[in-house]
Amino acid sequence: MTLRPGTRVRTSSADPDHHTRLPRYLRGQAGEIVYAGREWPLPDDVARGVAAPRAETVYTVRFAAAGLWGTGRHTVLADLWESYLEQADGEGEGEDDGQAGSADDGQAGSQDGGRAGSADDGPQEER
Amino acid sequence: MRRRPGWVSVIRVSRVHDVGGQTGFGPVPEIPGSQDSQPFHADWEARVYALAGVLGRRGLFSGDELRDTIESLPPERYLSASYYERWLEALEILAARKGVA
C-alpha cells in the first residue's frame, strides 16, 4: 500500500512498550499525507532486535497545530512509518447523526478524547 | 482498573522521555557560539560518545536499541541525569545484557 499525497490519515493511538517514532503528541491525530518517501526499517522492530525488521514507506504527514494543541495557526510536519497510519477517508461515514459527516479538525479533537478514553485495545502490562 | 471518560491511566501514557509538544519547559535556547553550541561539555562525554559508536559498529546494538534502552531508564534516573549520563547508563545496561561487561 502506498498512500498518495493528499490522503487523509489518522495516526495510531497505541502506546507501545518499546521505542517508536510516533511521539505522544501525534497519537490518534488526523493528518494529511504530503510526501511518500522511500522505505526504511521500522525502528520499533530494530529497537527490539527483530532479525528481519519490517521495511515500510516513511511518509511526511501534515497536522494542524490547532488540532494537536487546540491553538496555533501553523502546521506541523512529521516523518512517520506506514504502520503508524491508517487511512481516514470516509471516517465518520455510516453514522446517522449529521455532525459526524463534516469531520474536520475541530471535531477531531473531541473524537480523540473519546478514543483515548475507550481505547482499551491491547492490555498494557502494569508495571 | 476503572476509568472515567476522558481520563487516561498512567500506565497508558508514554515513557518519560516523550515530552515533545509539552508545555512548561519554555522556549528552546538558541545561543550561537555559547557553551551550549559545543558538542561536549567534558572529556568523559566525548569518550561515552566514542564508546557508543565503536560498540555500535561492532554490532553489539543498533541505534534504535540504544534509544530504547535510554528511554527505558527509570523515570527518576532519566529526569535527573544529563544527556550523556543517560547514554553511559544505557551502555552499561546493554553491555551487561549482551554479556560483554
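Start at the largest nonpolar core, which has 17 residues. Select A:Tyr59, A:Val61, A:Phe63, A:Leu80, A:Tyr84 and A:Leu85, the residues with the most contacts inside this core. A nonpolar core here is a set of buried Ala, Val, Leu, Ile, Met, Phe, Trp, Tyr and Cys residues joined through C-beta atoms within 7 Å. Buried means that 20 or more other C-beta atoms lie within 10 Å of the residue's own; 12 or fewer is exposed, anything in between is partly exposed, and the C-beta atoms are placed from the backbone.

Helix 1 (43–47), strand 3 and strand 4 of chain A each supply at least two residues of this core. Strand 3 of chain A gives the most, with four residues. Helices (H or I, at least four residues) and strands (E, at least two) are DSSP runs, numbered from the N terminus.

Before moving on, note that this is a predicted model: local features need pLDDT of at least 70, side-chain atom pairs count only at pLDDT 80 or more, and totals for chains, interfaces and linings use all residues. Residues are numbered from 1 along each chain as its sequence is written, while chains are lettered from A and ligands numbered from 1 in the order in which they are written.

**Chain A: the overview**

Color chain A by secondary structure. It holds four helices and five strands. Along the sequence the pattern reads β-β-α-β-α-β-β-α-α. Of its 127 residues, 24% are buried.

Now show the strands of chain A. They form an open sheet of five strands in the order 4-3-2-1-5, with antiparallel pairing. Which strands stand at the edges? Strand 4 (75–81) and strand 5 (85–87) do; each has a single partner strand, so one side of each is left without a neighbour in the sheet. The twist averages 40 degrees from one strand to the next. Strands of a sheet pair through backbone hydrogen bonds, either parallel or antiparallel. To count as a pair here, two strands need at least two DSSP bridges between them.

Walk through the pairs:

- Strand 1 (8–11) of chain A and strand 2 (residues 30–41) of chain A run antiparallel, joined by three bridges. Pick A:Arg10: A:Ala30 in strand 2 stands opposite.
- Strand 2 and strand 3 of chain A are antiparallel too, with seven bridges. Pick A:Ala36, which faces A:Tyr59 in strand 3.
- Strand 3 (residues 55–64) and strand 4 of chain A pair in the antiparallel sense over seven bridges. Pick A:Phe63, with A:Val76 of strand 4 opposite.

Leaving aside neighbours within four places in sequence, A:Phe63 contacts A:Leu26, A:Gln29, A:Gly31, A:Leu68, A:Thr75 and A:Val76.

Next, select A:Leu3, in the segment before strand 1 of chain A. A:Leu3 is partly exposed, with 19 other C-beta atoms within 10 Å. Not counting residues up to four places away in sequence, A:Leu3 touches A:Val9, A:Ile33, A:Ala36, A:Tyr59, A:Leu85 and A:Gln87. Then draw a distance from A:Leu3 to A:Asp45: their C-alpha atoms are separated by 22 Å, and the two residues are 42 apart along the chain.

**Chain B: helices**

Switch to chain B. Of its 101 residues, 15% count as buried. Among contacts between residues at least 6 apart in sequence, 58% join residues at least 24 apart.

Select helix 2 (residues 63–71) and helix 4 (residues 83–97) of chain B. Their axes come within 9 Å and cross at roughly 105 degrees. Axes are lines fitted to C-alpha atoms, for helices over the stretch in contact, and angles run from 0 to 180 degrees between N-to-C directions. That makes helix 2 of chain B roughly perpendicular to helix 4 of chain B. The label covers 65 to 115 degrees; under 35 is roughly parallel, over 145 roughly antiparallel, and the rest oblique.

Show the side chains of the contact. Helix 2 of chain B brings B:Glu65, B:Leu66, B:Thr69 and B:Ile70, and helix 4 of chain B brings B:Arg86, B:Trp87, B:Ala90, B:Ile93 and B:Leu94. These residues divide into six nonpolar, one polar and two charged. Ala, Val, Leu, Ile, Met, Phe, Trp, Tyr, Cys and Pro count as nonpolar, Asp, Glu, Lys and Arg as charged, and the others, Gly among them, as polar.

**Last stop: around helix 2**

How many of the nine residues of helix 2 of chain B are buried? Seven are, so this helix is largely enclosed by the rest of the structure. Select B:Asp64, B:Glu65, B:Leu66, B:Arg67, B:Asp68, B:Thr69 and B:Ile70 to see them. They pack against helix 1 of chain A, together with helix 1 (43–57) and helix 4 of chain B.

Key
Two residues are in contact if their C-beta atoms, placed from the backbone, lie within 7 Å.
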